[in-house]
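Good morning, and thank you for coming.

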Amino acid sequence: MASSSKPPLDDTRRTTGSPKMKTRAENAKDTLCRNVTIYGRCRYEDKGCAFNHDPLKVNTANQADNKKRFNVDSPSFTPSILSSNGTPVPKKSTTISPKAASAAPFQPRVSVASRSNTSTPTGRTELGSADWTVADVQEFVPQGFDGAHVSALQGNGNGIHTSASFDPFVTTSTPLSATGGVGSVSTNPYTHDPTGALTGGAFFANGGGFQQPVQYHLYAPIGPHNQNTLAYQRNVHDLFLANDFREELQKKSAATLQTLPNTTLPAQVDYFHSLVPLDLSHQKNAATFGYPSWVYKAQSSKDGNFYALRRLEGFRLTNEKAIRSVQAWKRVCSGSIVTIHDAFTSRSFQDSSLIFVTDYHPLSKTLAEQHLGAGNRFQGRQNNTHIPEQILWGYMTQIANALKTLHSNSLAARVLEASKVLLTGKNRIRLNGCAILDVVQFDSQRTVADLQRQDLVNFGQLMVTLGANSPNVMHNPTKAMEHFTRAYSPQLKNSVFWLLNGLQKDQDRTIDVFITGISSQLMSTFDSALHLDDQLTSDLSRELENGRLVRLMTKLNFINERPEYEHDRQWAETGERYFLKIFRDYVFHQVDNSGDAVVDLGHVLSCLNKLDAGSDEKITLISRDEQSCFIVSYKEVKKALESSFQALMKPTRRAH
């Protein structure tokens with residue numbers, strides 16, 4: 001009869017132990033003894049303690065074990081999820097489905113519930129379909145990004161609520177970290193995309209999207225500086241254009257926009273309108289062009305710009321090719337010549353007239369008006385004040401530049417008179433009236449070479465006339481040169497004498513040879529031009545930030561106090577709209593202890609610059625009734641400003 005009892009335990013199994021026992025024994029050898037950790041040594045080390053007593057061996061074993069266990073083929077770790085009663089939920093399969101290769105890329109989303117820490121009755125916060133235990137776990141923030149740009153200002157008792165429209169994952173790389181370092185070109189930090197977010201990118205590694213570096217919003221005066229003044233000696237005018245320069249520009253602007261009511265001039269001349277005469281003398285003078293000429297300011301109906309129209313009265317065009325000769329002049333580009341744009345005939349003045357269209361330079365004078373007294377009641381009186389030699393050298397170099405441009409293009413000025421040279425700025429002249437004789441005297445038989453040599457003679461006569469301060473001095477050339485020699489240096493006298501002999505037919509009588517002879521004076525004129533450029537750059541730098549601040553104030557005034565939206569719950573003056581209104585009072589409506597208004601432009605500029613930069617500096621905003629108080633940073637005010645302005649630009653808004 002077979003026994004139903006279990007077979008006896010094998011001796012081998014009894015001595016070596018089961019496989020689980022072997023595994024535990026091996027794990028014990030790789031585990032550091034607690035006695036070593038607590039007391040520094042184990043008293044049972046020599047009495048058969050199964051644990052390891054050498055910490056170095058444990059670290060080496062762990063590293064080797066990690067290399068074996070963790071590699072690219074290791075399965076991903078999936079934490080066990082406990083149900084509400086504490087029992088573990090059955091694990092899902094850890095195998096990866098073949099469909100995962102075609103799955104959409106993961107895009108993280110920020111839930112409002114995770115921000116506000118609202119808990120469910122079971123003590124957990126719901127995020128999507130997964131349950132997450134409420135714990136003080138640090139939220140992941142991408143490196144170089146400020147989490148405050150994503151988080152919204154929730155209602156915390158002060159009525160503030162701001163929606164975040166900035167995407168932290170759509171930012172450009174910083175120029176400091178890109179190839180090229182500091183010299184790398186960055187995008188415009190002030191541009192906005194259609195969503196309202198700044199697209200300029202951060203300038204530093206830890207800079208947020210709403211914060212530009214402060215140094216881009218400071219007023220840094222650019223040289224040259226004529227006087228050394230201390231900080232407390234500066235005034236508000238140092239932040240803007242100089243008064244005399246601003247006044248000059250405003251006068252030119254007013255002259256450009258000037259109109260002439262109740263005029264007898266034609267309302268339309270071809271495609272020009274709003275004619276205003278520019279001649280100071282109402283007497284007809286046909287000495288220069290052979291026809292009486294008049295100058296008008298007019299506005300083009302094509303582009304809206306203002307031009308100068310020179311009209312030759314009574315001219316009849318007999319040759320079609322004559323008017324076509326202006327095409328060559330339209331291609332001339334020189335800073336010392338008034339640009340010619342067009343030429344045409346017209347009967348708008350009740351006669352046959354030839355019209356030349358040129359650039360309009362407001363408030364410009366001719367050299368005859370500036371130095372020879374033309375156009376005033378004392379024109380015939382002799383002026384004994386000589387033009388300074390340096391100014392005369394400046395005129396000479398500029399006219400030489402104009403003649404070089406014309407002669408290089410196989411053209412000739414033909415008109416070099418004090419009454420036809422415009423003074424458009426400080427010692428800045430331009431040749432005017434060119435191209436007219438090419439049309440009027442088109443049938444002339446003189447060659448271009450003869451006309452260019454005549455330009456040199458006319459050039460010398462103009463210099464003698466200006467130096468002698470008399471328009472009729474060339475009627476006696478010998479006496480004129482004696483007078484010129486007594487007033488100016490031998491170098492200037494020799495240069496003018498060389499020009500007066502320009503009709504000699506030799507290869508050395510060209511404008512290029514003349515320019516070579518006065519090269520030292522050319523350098524002096526060029527240096528003066530560089531100084532003027534530096535001065536204009538310095539004046540321009542004072543107005544650099546004005547446009548940006550105007551746009552900022554415009555946004556602020558678009559948002560504040562809109563009565564048509566007062567019944568709109570989404571636009572009512574609560575939350576961000578409310579403290580934007582208080583911020584406006586903080587910047588512009590402050591009063592002192594006596595109740596008088598504080599008019600401090602420095603305070604306004606400082607606040608607006610910090611607002612545009614998105615500074616972290618905090619300010620205290622108090623309502624007018626002193627019942628509400630906010631402590632906010634400029635960064636938060638800027639985010640509220642951008643959010644409110646984007647909400648204002650929405651096409652459909654209806655009051656509830």
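Let us begin with strand β5 (residues 293-300) and strand β6 (residues 306-313), which run antiparallel and are joined by 7 bridges. Within this pair, Trp-294 has Arg-311 of β6 as its bridge partner. Helices (H or I, at least four residues) and strands (E, at least two) are DSSP runs, numbered from the N terminus. Two strands are said to pair if DSSP finds at least two bridges between them.

Residues are numbered from 1 along each chain as its sequence is written, and side-chain values use heavy atoms, with hydrogens and water left out.

The term pLDDT denotes the predictor's confidence in each residue, from 0 to 100. For this protein the mean pLDDT is 74, and 63% of the residues reach 70 or more. Over residues 1-16 the pLDDT is below 50, and this stretch has 3 contacts in the model beyond near neighbours in sequence; contact means heavy atoms within 4.5 Å. Residues 110-137 also have pLDDT under 50, and for them the model has 24 contacts beyond four places in sequence. Where pLDDT is low, the predicted coordinates should not be read in detail.

To which sheet do β5 and β6 belong? They are part of an open sheet of 6 strands in the order β3-β4-β5-β6-β8-β7, with antiparallel pairing. At its edges stand β3 (268-269) and β7 (340-346), each with a single partner strand, so one side of each is left without a neighbour in the sheet.

Another open sheet has 3 strands in the order β9-β10-β11, and its pairing is antiparallel. Here β9 (365-366) and β11 (428-431) are the edge strands; each has a single partner strand, so one side of each lacks a neighbour in the sheet. Strand β10 (residues 421-425) pairs with β11 over 4 bridges in the antiparallel sense, and Leu-422 stands opposite Arg-430 in β11. The hairpin of β10 and β11 has 2 residues between the strands, and in this hairpin Asn-427 takes a positive phi near 60°.

Ile-619 has Val-632 as its bridge partner in β13. There are 6 residues between the strands of this hairpin, where Glu-626 takes a positive phi near 60°.

I now turn to the helices. The axes of helix α10 (residues 389-408) and helix α12 (residues 448-468) come within 11 Å and cross at roughly 165°. Axes are lines fitted to C-alpha atoms, for helices over the stretch in contact, and angles run from 0 to 180 degrees between N-to-C directions. The two helices, α10 and α12, are therefore roughly antiparallel to each other. For the orientation terms, angles under 35 degrees count as roughly parallel, over 145 as roughly antiparallel, 65 to 115 as roughly perpendicular and the rest as oblique. Among the residues making the contact are Leu-392 and Tyr-395 of α10, and Phe-459 and Leu-462 of α12.

Helix α12 also packs with helix α13 (residues 477-487), at an angle of about 60° and with the axes 9 Å apart. In this contact, Met-463, Val-464, Gly-467 and Ala-468 of α12 meet Ala-480, Met-481, His-483 and Phe-484 of α13.

Finally, how do helix α18 (residues 576-588) and helix α20 (residues 634-648) pack, and at what angle? Their axes are 10 Å apart, at an angle of about 120°, and α18 and α20 are therefore oblique to each other. The contact includes Phe-579, Leu-580 and Phe-583 of α18, together with Val-637, Ala-640 and Leu-641 of α20.

How values were computed: This is a predicted model: local features need pLDDT of at least 70, side-chain atom pairs count only at pLDDT 80 or more; totals for chains, interfaces and linings use all residues.
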